[in-house]
Amino acid sequence: MADASNIYAGVAGYFGKPDHPGKFGVFQRAAKGGEWKHVLPSAEAYTVFVHPKNPEIVFAGTNDGVWRSADRGATFKKADFPDAKKQVWCFMVDSRDPKKMLAGGSPIDVYRSDDTGQSWRKLPSPKMPEHCKGPFASRVMRFAQNPRKPEEIYAALEINGVMRSTDGGESWTDCSAGLIKLAEREHLKSKIVSDTTAEGMLDGHAITINPADPDCPIVALRMGLFRTTDHGQSWQDMDVKRFSPVTYGRDVKVSTAEPNTLYAALSVAASSHDGALYRSQDNGKSWQRFDKVQVHGTIMSVGLHATDPNQVYLGARYDGEVFGTQDGGKSWQAMPLPGEVQHIYSVACG
C-alpha cells in the first residue's frame with residue numbers, strides 16, 4: 001500500500017518567534033522514498049488533510065483560507081473561500097456524502113462545502129462563550145462526526161473547550177462546563193496564557209469518535225485525554241498518566257483500518273523537547289508506547305492511512321522532524337524535512 005501513498009507535512013510559523021527563519025507551507029513526498037517537495041510555499045499551513053475517499057484530493061488549511069490539490073499534492077490552488085486571510089485549522093468529510101465537507105477556522109467559525117472543497121460558504125456563527133482570554137483567538141482544531149447519528153458533530157476548541165452540533169454544523173452548543181468543573185481539581189489546574197486556572201482543561205487540540213463506541217467522544221487536551229458519555233455534559237479523565245510519563249495531548253485519532261484502535265500524541269508541553277506516540281487497541285482502556293524514536297520537539301500530529309494500518313507517521317514541532325512506520329510499528333524511519341523549516345503542525349498520508 002505504501003507504494004502508492006504520499007506523505008504530507010504542514011508547516012507554520014510559531015507565535016513568539018516572528019523572526020525565526022525557515023520555510024513554511026506544505027511539503028510532499030512519496031511514502032516509498034524520494035525527496036520532499038515544497039509544494040505550497042506561499043501560505044503557512046496549520047493542517048493537511050487527505051480526502052478519505054479520494055486520495056487524489058488533498059487540502060491545506062492555512063493563514064489564507066483553504067488551498068486544494070487535485071493531483072495528490074503535486075500542485076495546490078486556492079479554493080473559493082468567503083473570508084480573506086482567514087486561518088483554517090481543520091477539515092471533515094461528511095460520512096454520508098464525500099462531496100460535503102466542513103472546515104474550522106480561527107476565530108471560531110465553521111464553513112461548509114458541497115463540491116468536495118472547491119468552494120465554501122460560511123455557516124452561522126457558533127457564538128461560543130469566551131471562557132478565557134489568551135494572546136490568540138480560539139480555534140476550531142478538529143471535528144468528530146457520530147457515525148450512527150451523522151447530524152451530531154463535536155469540535156475541539158483551542159483554549160475554549162468543546163462544542164457540539166446536532167444539525168450537521170448549522171448551530172452549536174457549548175460542552176465546556178464539565179471540563180471547567182474538572183479544573184477545580186488541583187492536578188488539572190493550568191494557567192499559562194490567560195487569567196484562569198481552567199485554561200489547561202479548555203485547551204482542546206483534537207477530538208475523535210470510535211465507530212464501535214459512537215456516543216463516547218474522546219478529546220485531547222493540555223491536561224490529557226478525556227471522554228464523555230452524556231453528549232458533553234460531563235467528562236471523565238481517561239487517566240493516561242497510568243501508562244505515559246508525558247500527558248500533554250496534542251492529537252488523538254481513531255484508526256479507520258483497525259477496530260477499537262486509537263493513537264495519541266503525548267508530550268511534555270506545547271513547547272517541549274520530548275514526546276511519544278501511544279496506541280490503544282482496546283478503545284482507550286490501556287495504552288502502550290508505539291513509536292521507537294526520540295523526538296526533539298512536541299509531537300504535534302499523527303498521520304494515519306485511511307486503509308493501510310501499517311502506515312503511521314508523526315511530526316514533531318522543531319527541526320522538521322517527521323518519522324514513520326510502514327510495517328505496523330516494527331521499524332521506524334526518519335524523514336526530516338529539507339533545510340531549515342519553521343514549525344510542523346500537521347502530518348498526513350494517503
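Visitor: What's the strand order in the open sheet of four strands?
Guide: In this predicted model, the open sheet runs in the order β3-β2-β1-β28, and its strands pair in the antiparallel sense.

Visitor: And which strands stand at the edges?
Guide: Those are β3 (37–40) and β28 (343–349), and because each has a single partner strand, one side of each is left without a neighbour in the sheet. Neighbouring strands of this sheet are turned by 30 degrees against each other on average, if direction is ignored.

Visitor: How many bridges between β1 and β2?
Guide: Strand β1, which covers residues 6–12, and strand β2, which covers residues 25–30, are joined by six bridges in an antiparallel pairing.

Visitor: Which residue in β2 is the bridge partner of G10?
Guide: G10 has V26 as its bridge partner in β2.

Visitor: Switching topic, where does D274 lie?
Guide: D274 sits in the loop that connects β21 (262–267) with β22 (275–280).

Visitor: How does D274 count in terms of accessibility, and why?
Guide: D274 counts as partly exposed because its relative accessibility is 30%, a value that falls between the 20% limit for buried and the 50% limit for exposed.

Visitor: What is D274 in contact with, leaving aside neighbours within four places in sequence?
Guide: With those neighbours set aside, D274 is in contact with S267, V268, Q294, V295, G297 and T298.

Notes:
Residues are numbered from 1 along each chain as its sequence is written. This is a predicted model: local features need pLDDT of at least 70, side-chain atom pairs count only at pLDDT 80 or more; totals for chains, interfaces and linings use all residues. Side-chain values use heavy atoms; hydrogens and water are left out. Helices (H or I, at least four residues) and strands (E, at least two) are DSSP runs, numbered from the N terminus. Buried means under 20% relative accessible area, exposed over 50%, partly exposed in between (1.4 Å probe, protein chains only). Contact means heavy atoms within 4.5 Å. Two strands pair if DSSP finds at least two bridges between them. Axes are lines fitted to C-alpha atoms, for helices over the stretch in contact, and angles run from 0 to 180 degrees between N-to-C directions.
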